[in-house]
Amino acid sequence: MKGSLIIIGFFIAGVLSAYFKIIPSEIIELDFSYYALMFLMLLVGIATGINSKTWETLKKAKFTILLVPLSAIIGTCIGVSIISLVLPTISLKDSLAVGSGFGYYSLSSILISNIKGDILGVTALLSNIIREIFTLLFTPLIAKYFGKIAPIAVGGATSMDTTLPIITKYVGAEFAIISIFSGTVLTITVPIFVTFFLSL
Amino acid sequence: MLLLLGILFGGLLIGYLLKGEKKIEKWLDKLIMIAIFLLLFFIGIDVGANELIINNLHKIGFNALILTIGGVLGTILMSTIVYKKYFKDNTNK
């Protein structure tokens, strides 16, 4: 949670410094963020590959465990598709790209801003922050009424780190490994799905 | 976009070759955090300089909220089905 606040702080600091023209507009026109993004993608790739847990969980993966991240992917896609039908201002593929952030708001919003533009990027940032906050707030209720898998799937990519403590508390420690597995799978799929939907 | 995915998978391969290097792993986590901070700061600058976004923040926020609610409800539906079909019996309850 503290990490999220710092990240949001950096974003807001950027917004305010441009809005009040503290930063000269020449700097704004240089496209720093795309090069920084390529660098970030490389780092994320290396960090995923170097982590022995990634390969262990891939080896252990049984079909039933794979159903947990799969239910998050399919459920999210169905949900946002239905919503996009009633929202006139956002297209189906843009909605799917926002949804496939699965709560990983930093990477998804950075990707979407660079590929598609800042308006959709901010939508993705807000939407995926809301998903994380929603998980933190409603995990107790969701676990009570919808079972032990639902909070893990709702947590999306965050169920391996920021929302793992609260999820484990309400679904039990025996589901912690499933939570980490699902979060890991979804984290890996975020850049793949986001770029896929935006390239349609 | 393909370039970004290529970079990601290239990174995965490099990471796989470096597997088990705990020191590098720790450094990477810190570097990623710094890269994310910087990138969101840059994006914040783009957003703050973009009047279209600032003037429509309420609409963007509304879209984001409604999309999230849709995604979460769909996820709850699917995962409840998965839980009832595949997990409930295995936990002795």
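A:Val80 sits in helix H5 of chain A, which spans residues 63-86. In this predicted model, A:Val80 counts as buried because it has 29 C-beta neighbours inside 10 Å, where 20 or more are needed for that class. Setting aside neighbours within four places in sequence, A:Val80 is in contact with A:Ser95, A:Leu96, A:Val98 and A:Gly99 of chain A, and also with B:Leu67, B:Gly70 and B:Gly71 of chain B. A:Glu132, which lies 52 residues from A:Val80 along the chain, has its C-alpha atom 16 Å from that of A:Val80.

**The two chains**

Chain A contains eleven helices and zero strands, and its radius of gyration of 17 Å is close to the 16 Å that the globule rule gives for 200 residues, so chain A is as compact as a globular protein of that length. Chain B is likewise described by helices, with four of them and zero strands, and its elements run α-α-α-α from the N terminus on. For chain B, however, the radius of gyration is 21 Å, whereas a compact globule of 93 residues would have a value near 12 Å.

| Property | Chain A | Chain B |
|---|---|---|
| Box of C-alpha atoms along the principal axes | roughly 55 × 40 × 35 Å | roughly 55 × 45 × 25 Å |
| Residues counted as buried | 55% of 200 residues | 39% of 93 residues |

Within chain A, among the contacts with a separation of 6 or more, 62% are between residues 24 or more positions apart.

**Domains**

The domain assignment of chain A gives domain 1 (1-30) and domain 2 (33-199), and the centres of these two domains, taken over C-alpha atoms, are separated by 24 Å. For chain B the assignment gives domain 1 (20-51) and domain 2 (56-93), with 28 Å between their C-alpha centres.

**The contact between chains**

The contact between the chains takes 67 residues from chain B and 79 residues from chain A. On the side of chain B that touches chain A, helices H1 (2-17), H2 (22-48), H3 (51-55) and H4 (57-87) of chain B each supply at least two residues, and H4(B) gives the most, with 25 residues. Sorted by class, this side of chain B has 44 nonpolar, 16 polar and seven charged residues.

H7(A) is followed by A:Gly117, whose phi is positive, near 125°.

Conventions:
Residues are numbered from 1 along each chain as its sequence is written. Chains are lettered from A and ligands numbered from 1 in the order in which they are written. This is a predicted model: local features need pLDDT of at least 70, side-chain atom pairs count only at pLDDT 80 or more; totals for chains, interfaces and linings use all residues. Domain bounds come from an automatic or database domain assignment. Two residues are in contact if their C-beta atoms, placed from the backbone, lie within 7 Å. Helices (H or I, at least four residues) and strands (E, at least two) are DSSP runs, numbered from the N terminus. Ala, Val, Leu, Ile, Met, Phe, Trp, Tyr, Cys and Pro count as nonpolar, Asp, Glu, Lys and Arg as charged, and the others, Gly among them, as polar. The radius of gyration is taken over C-alpha atoms; the globule rule is 2.2 Å times the number of residues to the power 0.38. A residue is buried if 20 or more other C-beta atoms lie within 10 Å of its own, exposed if 12 or fewer, and partly exposed in between; C-beta atoms are placed from the backbone.
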